[in-house]
Amino acid sequence: GDPYQITVLGNLVWMGANVGSSSGKYYTVQNDIDASALVVWNSGAGFSPIGTGGTPFRGTLDGAGHVISHLIINRPVQDNVGLFGTVGGSGVVKDLGLAGGAVTGNEITGSLVAMNDGMVNGCHASSTVTGTGPGTDQTGGLVGWNNGTMSNCYATGAVTGTNYVGGLLGWNAGTVSGCHAT
């Protein structure tokens, strides 16, 4: 439909599989989603991030204040790891929460967005985030690397990494306003 209605974990998987055609598309989350089944997906690697550096998410996802709980991503040798691996310049993720769960990636890791070139607004996370990269791994509680805009967001989970590690974001080259981390 228009907008695409996200109601179950499988709809998020579908978004990832079709990320190349996300430009100009609208997605709304209709209800809270329990992602605890991910612990056994992909031989223990869990959820596969939506978007990559070469094929970023370029649509608009409106979480409508809903929460995805128990997101599991365990990809310690993969870069750009988060619910969204890469959000492109025209991409928007807004009003979405992540509760609990654990996200592990190599370089550029964030619970919600690994690499943000677009806009993240009104989002929050309480996930545990781990960056395993030996170099400049850019690990953040909500966003790993921000080149875009972040506003009215917060993160409360534990964050661990090697370099450029932060409770909210790991590296910022964009704009951040009205955000905090505990």
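Tyr27 is buried, with a relative accessible area of 3% (buried means under 20% relative accessible area, exposed over 50%, partly exposed in between, with a 1.4 Å probe and protein chains only). The model is predicted, so local features need pLDDT of at least 70 and side-chain atom pairs count only at pLDDT 80 or more, while totals for chains, interfaces and linings use all residues. Residues are numbered from 1 along each chain as its sequence is written, and side-chain values use heavy atoms, with hydrogens and water left out.

Aromatic pairs
- The structure holds 6 aromatic pairs; rings of Phe, Tyr and Trp (its six-membered ring) pair if their centres lie within 6.5 Å, and planes under 30 degrees apart count as stacked, over 60 as edge-to-face and the rest as tilted.
- One of them, Tyr4 with Tyr27, is stacked, at 5.3 Å centre to centre and 25 degrees between the planes.
- Tyr4 lies in strand β1 (residues 4-6) and Tyr27 in strand β2 (residues 26-29), so this pair ties together parts 23 residues apart in sequence; strands (E, at least two residues) are DSSP runs, numbered from the N terminus.
- Tyr27 and Phe57 have ring centres 5.7 Å apart and planes at 50 degrees, so this pair is tilted.
- Phe57 lies in the loop between β3 (33-34) and β4 (60-62), so its pair with Tyr27 of strand β2 ties together parts 30 residues apart in sequence.

Exposure of the partners
- Tyr4 is partly exposed, at 27% relative accessible area.
- Phe57 is buried, at 1% relative accessibility.

Cluster
- Tyr4, Trp14, Tyr27, Phe57 and Phe84 form one aromatic cluster.

Methods
Helices (H or I, at least four residues) and strands (E, at least two) are DSSP runs, numbered from the N terminus.
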